[in-house]
Amino acid sequence: MPDLSRRDLARLFGLGIAASGLQPAAAARAVSSKPRAPKGVVRISSNENPYGPSRAALDAAREAFSLAWRYPDEAADDLIAELAKHHKLPERCFLLGAGSSEILKLATTAFCGPGRKAVTADPTFESIAHHAPVSSAEVVKVPLDKTFAHDLEAMAKVPSAGLIYVCNPNNPTASLTPKARVRAFLADAPERTALLVDEAYHHYVDSPDYESAALFVSGHPNLIVTRTFSKIYGMAGLRIGYAIAQPPVIQVLAQHGAYDSVNVLAMAAAKASIVDAAHAAEGKARNAKTRAQVFADLKKLGLSPIPSQANFFMVDVKKPVGPLIAALAAKGIQVGRAFPALPTHLRVTVGTPEQMRRFTEALAATRA
């Protein structure tokens, strides 16, 4: 894989690197406002995997506790070597993060700033739009098209874009942007704009109209692909993810990151999860079966969810979702937050069959 020249690197990053300083007041925001689920409450609000990590991952994490006194350098090297083998790319093409969310923050900091806009879909995962103002970057939100796919053509035309963010499958809609459109986007987008494709839900996809953007990293020096162990691998609480990009981009991202932000337990569990391919395959099958059943139950209620390629879905309930979210919470069912771009659509995580039965029963009761 060829490295970028200094001139190429300057063309890609423009002023994004220089304009990436954090503002202390904005950096002091609260870490989390997510409520703790009381015992007996069905939590299908955060796109978590209710089945958790594989036995191999848990065993690896327990064993790694004996190394808790050491910095995680060797563990990071081991995991990156496994990722390189898995993706068939050089080890220099990978950067670990505390969940893929950390990578999104690093990319926003590195490539956005005054005169270097952050471009996202609307609605989509809010991380980029959350972090960009800290770097004094303008956020441009481009509505999804009528099929709930990214309008990549419109996104690519936004002038002075430092970073274009594509979540595929998209959160919160669980919808796909077709592979031909993604290929065209990668080929035609401005060379000096960083393109970030977030594949947090990659492992759940079963549509033939999808392919991972990681296949194109070798040919696109401005492309970053992110993955996480929070979803199919069931490790949202351990906080580990990674970026795939050409080495010069990895180096730039790393310059904005903290040393040793990923712990040895998470890395050991992540490495074991990659090796244990059967666990991911079982999780995908479980999710698809339960999702199909809840879709059938929703159809009986006269509701039609957006076709989902993830471990969650969105359904149009034909009225503002705020009161419905509150009504379900009163029945012990925590569902996703409201998204202003789709005010009548409810986002729901696919939990266990029993959790989804409780959800549909509670939903039916609110409509009675």
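Asn 47 sits in the loop between β1 (42-43) and α3. Helices here are DSSP runs of H or I with at least four residues, strands are runs of E with at least two, and both are numbered from the N terminus. Asn 47 is not a glycine, yet its phi is positive, about 60°. Its relative accessible area is 1%, so Asn 47 is buried. Buried means under 20% relative accessible area, exposed over 50%, and partly exposed in between, with a 1.4 Å probe and protein chains only.

Ser 160 also has a positive phi of about 60° without being a glycine. Ser 160 lies in the loop between α7 (152-156) and β5. At 43% relative accessibility, Ser 160 is partly exposed. Most residues other than glycine have a negative phi, and most peptide bonds are trans.

Two cis bonds follow. One joins Asp 122 and Pro 123, with omega about 5°. Pro 123 is in the loop between β3 (117-122) and α6 (127-131). Another joins Asn 168 and Pro 169, with omega about -5°. Pro 169 falls in the loop between β5 (161-167) and α8 (179-188).

The model is predicted: local features need pLDDT of at least 70, side-chain atom pairs count only at pLDDT 80 or more, and totals for chains, interfaces and linings use all residues. Residues are numbered from 1 along each chain as its sequence is written, and side-chain values use heavy atoms, with hydrogens and water left out.

Now the rings. There are six aromatic pairs. Rings of Phe, Tyr and Trp (its six-membered ring) pair if their centres lie within 6.5 Å; planes under 30 degrees apart are stacked, over 60 edge-to-face, the rest tilted. Phe 229 and Tyr 242 have centres 5.9 Å apart and planes at 45°, so this pair is tilted. Phe 229 is in the loop between β7 (223-228) and β8 (241-245), and Tyr 242 is in β8, so the pair ties together parts 13 residues apart in sequence. Phe 229 is buried at 1%, and Tyr 242 is buried at 4%. Ring pairs join Phe 94, Phe 229, Tyr 233 and Tyr 242 into a cluster.

Finally, the helices. The axes of α3 (residues 55-64) and α10 (residues 264-275) come within 8 Å and cross at roughly 150°. Axes are lines fitted to C-alpha atoms, for helices over the stretch in contact, with angles from 0 to 180 degrees between N-to-C directions. Contact means heavy atoms within 4.5 Å. Among the residues that meet are Ala 57 and Ala 60 in α3 and Leu 265 and Ala 268 in α10.
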